[in-house]
Structures are given as C-alpha cells and as structure tokens.
Amino acid sequence: MKIGIIGAGNIGTGLGKRLAAEGHDIVVSFARTPEKVAEAATTIGSGARPGSPEQAVAHGEVVILATPWGATLDIVGSLAGALAGKMVWDCTNPFAPDMSELLIGTTTSAGEEIAHAAPRAHVVKAVPPFAVSLHAASMEIGGRKPGVFVCADDPAARAVVMQLVADIGADAVDTGPLKRARFTEPLGMLVTNLAYVQGLGPAIFAALVR
Ligand SMILES: NC(=O)c1ccc[n+]([C@@H]2O[C@H](COP(=O)([O-])OP(=O)(O)OC[C@H]3O[C@@H](n4cnc5c(N)ncnc54)[C@H](OP(=O)(O)O)[C@@H]3O)[C@@H](O)[C@H]2O)c1
C-alpha cells in the first residue's frame, strides 16, 4: 500500500521500517529539520522517501500519525481537508510531556479528538508496541507477539490497519468502534508506567491471550 507517515521519530521510523520491508511504499514527514526527515527515510530504507506532511498525506492511502500528543491536533487540523477520505492510523498516546499522566481519557480519547479535528478522515486507533520492539530484530518476547488493539468506526479502515498490524509482526485485536480508544489508551499509560516507573524496561508489551 501507499503509506504516508507524519512523525519522523522513533515510532514513525520503527513502523516505517517494518512496513517498507513488507513491500509498502512509504513517504515519511514531520520533524523540526529537513535533515531529520531525510535521516528517517534512510532509516526506514526499502525505497522510503522524505517529504512534507502535505506530500505524505497526498501519497498515503493510509496516513500514520506518530506525533507527540502536544503537536498532534495542530498538525491534523492543518491537514484536515487533505485527510478527507483517508485512513488515519493514530499511534499517539495523549500523555503529559513528562509521561506522568494521561491528559485526556475515559470520557473521550485522543483518537476521538483527532476524528473531530479531521472529521472526514477514517480514524483508526491502534497504539503500537514500544519503539524499542519495533526497531528490534524480532518483536516477539517469550515466543509471543505483542497485542495491538485496533478501534475504528469504519470497519473497512479497521480491517486495513489490522492487516498492517499483522504485517509488522504484531497480533491485531479487533476492538470495535473508535470510542473504545477510551479504554485502550489508558492501557498504553499502564504499560509505559510499568516500563519506565516500575522499572521493568521497554522489553515488555500487552497482549490478549485467547
Ligand atoms: N516511543 C514509543 O515506544 C511509543 C509507543 C507507543 C506510542 N507512542 C506514541 O507515538 C507518538 C510518537 O512517539 P515517538 O516516540 O515516535 O516520538 P518522537 O521520537 O519524539 O517523534 C516525534 C516526531 O514528531 C516531530 N515533531 C514533534 N513536534 C514537532 C513540531 N512542532 N514540528 C515539527 N515536527 C515535530 C519530531 O521532530 P524532532 O525530532 O525534530 O523533534 C519527531 O520527528 C507519541 O504520541 C507517543 O506517545 C510511542
């Protein structure tokens, strides 16, 4: 698929690398300097190109949003027209900058706020595993794949992102409508606390045992 990435950091490059290796065609964008975006395209490899956020959106059938929460609604709002009809894979955690708490939750979610900012996009919430795992040779720990909980109101968009989640080597869990992001985003906060506050480190993930 043609995939545009907004956010040339740890998650943008980690997802980009895994998806490009599976044959997806990537344009990566959004950093504070063009050099950083070019570096991200090199890290992703397999023909990935750097571009502007506008170019990434124009290129992508799916647009991956991998931005810090504080920058997210501004960039999404500025691209809202171009995002009309696009599938948007929202990877964001609505964390405070010091990662100590969720800035929103339980009565709304980052996914729903992004959908408000780009009302004609098909927003799919699916928080990926830690970037450390995405950049590792294998994401499996103890012989298991990480679980990624996929929520969206548009079933077709949800199915497409579930396939992309499978392509990166994770276990996609169909979690239903976008509103369920109110429950999956706090799980991201919990796992982050376990890793960085409780001291387990980032070689952990959540998964659903069926
Ligand atoms: N890291 C993880 O393990 C992980 C796991 C699951 C979900 N997430 C979520 O995924 C999202 C991305 O995380 P990340 O770790 O990839 O963050 P990151 O490494 O900091 O990447 C964010 C990217 O956005 C760019 N950016 C931020 N503000 C900008 C602005 N005002 N103008 C232009 N570019 C800007 C940064 O550019 P510069 O580098 O130039 O600043 C960077 O390329 C976050 O919402 C995070 O909570 C992260």
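These legends describe close-up views of a predicted model.

**View 1. Leu19 and its contacts.** Leu19 sits in helix α1, which spans residues 10–21. Leu19 is buried, with a relative accessible area of 0%. Leaving aside residues up to four places away in sequence, Leu19 touches Ile3, His24, Ile26, Ile64, Trp89, Leu164, Asp167 and Ile168. One of these contacts, Ile168, lies 149 residues from Leu19 along the chain, yet their C-alpha atoms are separated by 6.1 Å.

**View 2. The two sides of helix α2.** Helix α2 covers residues 34–44, and its buried residues are Val37, Ala40, Ala41 and Ile44. Seen down the axis of α2, these residues fall within an arc of 100°, so they line one face of the helix. An α-helix has 3.6 residues a turn, so residues three or four places apart point the same way. The cover over the buried residues of α2 includes β1, α1, β2 and β3. Glu35, Glu39 and Thr42 are exposed on the other side of α2. Gly45 follows α2 and has a positive phi, near 70°.

View 3. Eight strands make up an open, mixed sheet in the order β3-β2-β1-β4-β5-β6-β7-β8. β3 and β8 stand at the edges with a single partner strand each, so one side of each has no neighbour in the sheet. β2 and β3 run parallel and are joined by two bridges. Val27 stands opposite Arg49 in β3.

**View 4. Helix α5 on the sheet.** Helix α5, residues 110–117, packs on the sheet. There α5 touches β4, β5 and β6. The direction of α5 makes about 165° with that of β6.

Methods. Residues numbered from 1 in each chain as written. Predicted model: local features only at pLDDT ≥ 70, side-chain atom pairs only at ≥ 80, totals over all residues. Heavy atoms only, no water. Helix = DSSP H or I, 4+ residues; strand = E, 2+ residues; numbered from the N terminus. Buried < 20%, exposed > 50% of the residue type's maximum accessible area, 1.4 Å probe, protein only. Contact = heavy atoms within 4.5 Å. Arc of directions from axis to C-beta. Pairing = 2+ DSSP bridges. Axes fitted to C-alpha atoms, helices over the stretch in contact; angles between N-to-C directions.
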